[in-house]
Protein chains: 2
Amino acid sequence: MRVVRACVCGSDLHPYHRMPASPTGNTMGHEFIGVVEEVGRDVATLKRGGFVIAPFAWSDGTCDFCREGLQTSCRHGGFWNAPGVGGGQAEAVRVPLADGTLVAVPVGEDSIQLPSLLTLSDVLGTGYHAARMAGVNERTTVTVIGDGAVGLMAVLSAKRLGAQRIILMGRHTDRTDLGLEFGATDIVSERGEEGITKVRELTGGDGTHAVLEAVGHMPAYEQAVGIVRPGGVISRVGVPQYEEAPIGFGSLFGANITLTGGPAPVRAYINELLPDILDGRIEPGKVFDRTVSLDETPDGYRAMDDRTALKVLVRP
Amino acid sequence: MRVVRACVCGSDLHPYHRMPASPTGNTMGHEFIGVVEEVGRDVATLKRGGFVIAPFAWSDGTCDFCREGLQTSCRHGGFWNAPGVGGGQAEAVRVPLADGTLVAVPVGEDSIQLPSLLTLSDVLGTGYHAARMAGVNERTTVTVIGDGAVGLMAVLSAKRLGAQRIILMGRHTDRTDLGLEFGATDIVSERGEEGITKVRELTGGDGTHAVLEAVGHMPAYEQAVGIVRPGGVISRVGVPQYEEAPIGFGSLFGANITLTGGPAPVRAYINELLPDILDGRIEPGKVFDRTVSLDETPDGYRAMDDRTALKVLVRP
């Protein structure tokens, strides 16, 4: 698959900080869309020249987990940049289990919708997973913790699922402005205890039914516990940077709080969300605020790490 | 309300061990059924002489939480043995918010169904809450951790909700035998890693969709994490005797595990479960294996603490 557009994920910043230098280098990136250049002999449904979206995990599409919509637990699947499998920040990628993994889209590689289609690789599906797992509907009040790209997609997803009240917690005005455009009704820029107090004030003291946690650090989890309504749901899609956390009587149990979420099976959501993009009902591609060439990708990482860019698009 | 039958709860054993001696004494117990002896002037729906069931929490029945079926978070409710409110292991109890709290039942105080009706106060509704919050249905495989009265009620509840495969983890043959009678299909007497391995063997390596945790100690939680299937649910009704526990990538997040449960709003389930008891479709009262008089209640605590009794009925 020839990569037409790729991008940098907030989660790419973890190896950017921590991965040891390697003499041979490592492939990077797991969000990409492009054109099928060649197909293996076992591929049945994809054709050379077709435009396709690659989800951030590959999967067979036939096992019980895939049929249940949990492609991230596919019995034969895996993740890009695993040994022997390339990554999306590249000219081209060999795609295992292509029939199960890729989704064909009737657009050309000059489509102005490419940025929005690219969000189906990860960030839109991940925000949507948070909202779906939290059971968001028109009667649900929602708080989204984090104004990064996933948080903003969680706002858009909660809005799409009918939520009337969506509180976005974030401190970067340019990002929270986009959040308002995507459907947030309130912005809370305070964090920690102050942020909790503010959300409780906005909700008659109760907190919100759903809290979509799109950060992954412990203070975000503590904030979620502080603002969820009794009987409500904390739905995490920020990859937890902690293992132990409070879940006892005083945090989750006493008020019947449900904790859910995980790596989003974005493959399960592409068919559902694609028409909204093609018909122009949502424009998630607005999260991209910088474009770099493949050679400039390190600048893209730097910009996201400095918070001078929200999400960087890579154009090979 | 004159108490006709009460009982001792596994959770009563915590204060039995820990509560400091008091010169005036404390009331105890939160599971009781009996007869209305007198009504306050604000009581509209209950009549003197009527037989009623008291859930383990009192609630107004009118606030938003009550209407949502989360009576344990009622805005004006509370729990027995709170200051100024009595407990169920007594001759009589003053019931606050009686219209919202009590459920009238068309039986006499000589009914042979009293033991089963008494389980609606707590233990049956608590087991049922575990199964309901886990979303158990006919396609769900279930493991129940704990062969105490709540665990056995969780088995009965999973069966009632249609589960075809119910693995009960417990070591006391007399209890697991009752579990088989209530609908368990497999018994696993091993604990810890051995128990996890055994359940995985029984489920093709995957674990079960739902794990109903009816113990509350950390080893039971760790066992639950070890045997839940990817995308599955751990539903806790054993009151956690810990605050911090693993919930990061390696325990819950990576496999999209949902953690749910809490104090059961048993009031919400009485109307649903009552007909099953009155019509004889279920006989949860079988969990009582000893009866004591009010004066003998300390012997009842001792017997449950020694594990020589499964659940003790108190007959004032």
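Residues are numbered from 1 along each chain as its sequence is written, and chains are lettered from A, with ligands numbered from 1, in the order in which they are written. Because the model is predicted, local features need pLDDT of at least 70 and side-chain atom pairs count only at pLDDT 80 or more, while totals for chains, interfaces and linings use all residues.

## Relation of the two chains

The interface brings 30 residues of chain A into contact with 30 residues of chain B; two residues are in contact if their C-beta atoms, placed from the backbone, lie within 7 Å. On the side of chain A that touches chain B, at least two residues each come from strand S11 (228-236), strand S12 (244-246), helix H10 (249-253) and strand S13 (258-261) of chain A. Helices (H or I, at least four residues) and strands (E, at least two) are DSSP runs, numbered from the N terminus. By class, this side of chain A holds 14 nonpolar, 12 polar and four charged residues. In this classification Ala, Val, Leu, Ile, Met, Phe, Trp, Tyr, Cys and Pro count as nonpolar, Asp, Glu, Lys and Arg as charged, and the others, Gly among them, as polar.

Strand pairing also links the chains. S12(A) pairs with strand S12 (residues 244-246) of chain B in the antiparallel sense over three bridges. Ala245(A) has Ala245(B) as its bridge partner in S12(B). Two strands pair if DSSP finds at least two bridges between them.

## The sheets

In chain A, six strands form an open sheet of mixed pairing in the order S6-S3-S2-S1-S15-S14. Its edge strands, each pairing on one side only, are strand S6 (103-104) and strand S14 (290-293) of chain A. Within chain A, strand S1 (residues 2-7) and strand S2 (residues 32-35) pair in the antiparallel sense over four bridges, and Arg5(A) has Ile33(A) as its bridge partner in S2(A).

Chain B likewise has an open sheet of six strands, in the order S6-S3-S2-S1-S15-S14 and with mixed pairing. Here strand S6 (103-104) and strand S14 (290-293) of chain B are the edge strands. Strand S1 (residues 2-7) of chain B pairs with strand S15 (residues 312-315) of chain B in the antiparallel sense over two bridges; in S15(B), Val314(B) is the bridge partner of Ala6(B).

## Helix packing

Two packed helices are described by the angle between their axes and the distance between the axes. Axes are lines fitted to C-alpha atoms, for helices over the stretch in contact, and angles run from 0 to 180 degrees between N-to-C directions.

| Helix pair | Angle | Axis distance |
|---|---|---|
| H6(A) (149-160) and H7(A) (173-182) | about 15° | 9 Å |
| H8(B) (192-202) and H9(B) (218-227) | roughly 30° | within 9 Å |
| H5(A) (123-133) and H11(A) (267-278) | roughly 100° | within 10 Å |

Angles under 35 degrees count as roughly parallel, over 145 as roughly antiparallel, 65 to 115 as roughly perpendicular and the rest as oblique.

H5(A) is thus roughly perpendicular to H11(A). Leu124(A), Gly125(A) and Tyr128(A) of H5(A) make the contact with Tyr269(A), Ile270(A) and Leu273(A) of H11(A). This contact of H5(A) with H11(A) has five nonpolar, one polar and no charged residues.

H6(A) and H7(A) are roughly parallel to each other, and their crossing is right-handed. A crossing is left-handed if the near helix is turned anticlockwise from the far one by less than a right angle, and right-handed if clockwise. Leu152(A), Val155(A), Leu156(A) and Lys159(A) of H6(A) form the contact with Arg175(A), Leu178(A), Gly179(A) and Phe182(A) of H7(A). The residues of the contact of H6(A) with H7(A) comprise five nonpolar, one polar and two charged.

H8(B) and H9(B) are likewise roughly parallel to each other, and H8(B) passes H9(B) in a right-handed crossing. From H8(B), Gly192(B), Gly195(B), Ile196(B), Val199(B) and Arg200(B) meet Pro219(B), Gln223(B), Gly226(B) and Ile227(B) in H9(B). The contact of H8(B) with H9(B) divides into four nonpolar, four polar and one charged residue.
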